[in-house]
Amino acid sequence: MYINCKDFRTETLSSHLILQFNLIKHLPEQEQLNTLSKFKSEYNNLSEPEQFGIVMSNVKRLQTRLSAILFKLQFEEQVNNIKPDIMAVSAACEEIKKSKSFSKLLELVLLIGNYMNAGSRNAQTFGFNLSSLCKLKDTKSADQKTTLLHFLVEICEEKYPDVPNFIEDLQHLDKASKVSAENLEKNLRQMERQLQQLEKDLKIFPPPDNIHDKFVTKIFAVYAREHYQKLTRMHENMEKLYQNVMGYYAIDLKKVSVEEFLTDLNNFRTMFLQAAKENIRRREAEEKQRRARIAKEKAEKEKLERQQKKKRLLEMKTEGDETGVMDSLLEALQSGAAFRDRRKRTPRNC
């Protein structure tokens, strides 16, 4: 019997992986297989597991074959786990170094800090630790409603509209901040050990007894070695990039890891976005309050005007009634009507 290491379809890859894991995990010891092989003549009388053991005992270097096949099945997944992380960190480092908007932002932060520290021993500082960016939200206004970060965002929006573009410039930062450099190195070392073992096994692998046994020719050692070398070159370039960018910002790699550096920047990027949204909500709330105040003042003014108008109308009516009485009296006196009414009265009885 032989195990043909042919290309597997994507949709059946998981099932093959499970099969390989189980085969290796539950594979009998070589001594047990050798013992089972002695019962080849009684094959038909044996139980199914025993028959399987006898068949497996006929495969030369079974453990080696299974380990190699498992490595092949897992190889693409390993590459797909390592490569995107390397690319994310590399891209993020290049974006941080090249972003003019981010550089301008740092200038503004330094300027604001020097202005606030004027007269103190920290005045006219030439630089600051990038980890301090996240602390901008801890400095609050007298009313505790806004922070220095809100102020910075507002200044950028009003005076330096290009500065907030650093959010888009650092688009790989979020993914890069989740990458562990230690795990990358660990995964690459594991891949190297597996590849070396595979190459070693292939060199000492015995010639096949069966012409259909294509294990050595089908195994992918050359392909795997090429991809591994490509990954290692990418990883070396990534290390140079982040060492360069951290050196550019005078960060000690012995004290701050690349994960901490990228995480601090990504946290600040998130905080900046959040502060911008909070500023918008605050302005909307203030505008809403302003409109409500104007509407209230207008309503009170209209109410007062209505009251004053009503008062004037009442005064005019009263004044009009008094004028009418005097006019009637004058008219009665002039016409003598007032005296005629008096003459018509019935004399008193004595």
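Setting aside neighbours within four places in sequence, Leu152 is in contact with Leu105, Leu108, Val109, Ile112, Leu136 and Phe268. The model is predicted.

**Helix H6.** H6 runs over residues 148–159. It has twelve residues. From first C-alpha to last, H6 reaches 16 Å, close to the 16 Å expected at 1.5 Å a residue. Its buried residues are Leu148, Leu149, His150, Leu152, Val153 and Cys156.

**The core.** The largest nonpolar core has 61 residues. Leu152 is among those with the most contacts inside it, along with Ile96, Phe261 and Phe268. Nonpolar side chains tend to be buried together in soluble globular proteins. Elements giving two or more residues to this core include H6, H7 (166–169), H8 (173–176) and H11 (221–248). The largest share, eleven residues, comes from H4.

| Helix | Residues |
|---|---|
| H4 | 62–98 |
| H5 | 100–116 |
| H9 | 181–203 |
| H12 | 258–335 |

**The pocket.** The largest pocket has a volume of about 380 Å³. Its lining counts 17 residues. Val109, Gly113, Asn117, Phe128 and Leu136 lie nearest the centre. H5 gives the most to the lining, with six residues. H6 supplies at least two.

An unreviewed UniProt entry lists residues 174–201 as "coiled-coil region". In the model, that stretch is 86% helix and 0% strand. Its end C-alpha atoms are 42 Å apart.

Methods:
Residues numbered from 1 in each chain as written. Predicted model: local features only at pLDDT ≥ 70, side-chain atom pairs only at ≥ 80, totals over all residues. Heavy atoms only, no water. Core = buried A, V, L, I, M, F, W, Y, C linked by side-chain atoms within 4.5 Å. Buried < 20%, exposed > 50% of the residue type's maximum accessible area, 1.4 Å probe, protein only. Helix = DSSP H or I, 4+ residues; strand = E, 2+ residues; numbered from the N terminus. Contact = heavy atoms within 4.5 Å. Expected span 1.5 Å × (residues − 1). UniProt positions renumbered as here; feature names shortened; annotations may be inferred. 1 Å grid on protein atoms, 1.4 Å probe; cavity = no way out; pocket = protein on both sides within 12 Å on 5 of 7 lines; lining within 4 Å. Points joined across faces, edges and corners; volume = space filled by probe spheres on them.
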